[in-house]
Amino acid sequence: MSRKLADGRRYLVAGTDYARARRTPRRPSDLEDWDWIRYQQRADPTEFTSPKGKTEKVTGRAQIEADSVDVLYHFATQNIGVTILPSFLAERGVALKS
């Protein structure tokens, strides 16, 4: 038996140097050739929803898989690739750059 404990936002993140070295994505499919750091507990592909409700799925190339969001955060800050993080970790990275 299980139950949902909370809702939380997730954000697409990458290290500053990694993102700077790539073309700015205009749509989710532009992320297909980026190096992904995958969370093992999350299903592939990653689904993005626009403000208008349109969805687009991205599979991407997983360079590394991890079973800890803290490890995903660490690898992203080391400019290894792009990942999805819960808001509390994504905001920690933004605070480091401020």
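How many salt bridges does the structure hold? The structure holds four salt bridges, a salt bridge being a side-chain nitrogen of Lys or Arg within 4 Å of a carboxyl oxygen of Asp or Glu.

## Basis of the model

This is a predicted model, in which local features need pLDDT of at least 70 and side-chain atom pairs count only at pLDDT 80 or more, while totals for chains, interfaces and linings use all residues. Residues are numbered from 1 along each chain as its sequence is written, and side-chain values use heavy atoms, with hydrogens and water left out.

## Fold and dimensions

Three helices and six strands make up the secondary structure. Helices (H or I, at least four residues) and strands (E, at least two) are DSSP runs, numbered from the N terminus. Their order along the sequence is β-α-β-β-β-β-α-β-α.

The C-alpha trace spans about 45 × 30 × 25 Å along its principal axes. Among contacts (heavy atoms within 4.5 Å) with a separation of 6 or more, 63% are between residues 24 or more positions apart.

## Surface

Of the 98 residues, 28% count as buried. Buried means under 20% relative accessible area, exposed over 50%, and partly exposed in between (1.4 Å probe, protein chains only). The accessible surface comes to about 7,200 Å², and 48% of this belongs to carbon and sulfur atoms. These areas come from the Shrake-Rupley method with a 1.4 Å probe.

## Salt bridges

One of the salt bridges joins Asp17 and Arg20, with the closest N and O atoms 3.4 Å apart. Both residues lie in helix H1 (residues 16-20), three residues apart, about one turn of the helix. Asp17 is partly exposed at 48% relative accessible area, whereas Arg20 is exposed at 63%.

Another pairs Glu56 with Arg27, at 3.1 Å between the closest N and O atoms. This pair links distant parts of the chain, 29 residues apart: Glu56 is in strand E4 (residues 55-58) and Arg27 in the loop between H1 and strand E2 (35-39). Glu56 is buried, at 17%, and Arg27 is partly exposed, at 40%.

Glu47 and Lys57 also form a salt bridge, their closest N and O atoms being 3.9 Å apart. Glu47 lies in strand E3 (residues 46-49) and Lys57 in strand E4, so the pair ties together parts 10 residues apart in sequence. Glu47 is partly exposed, at 44%, and Lys57 is exposed, at 53%.
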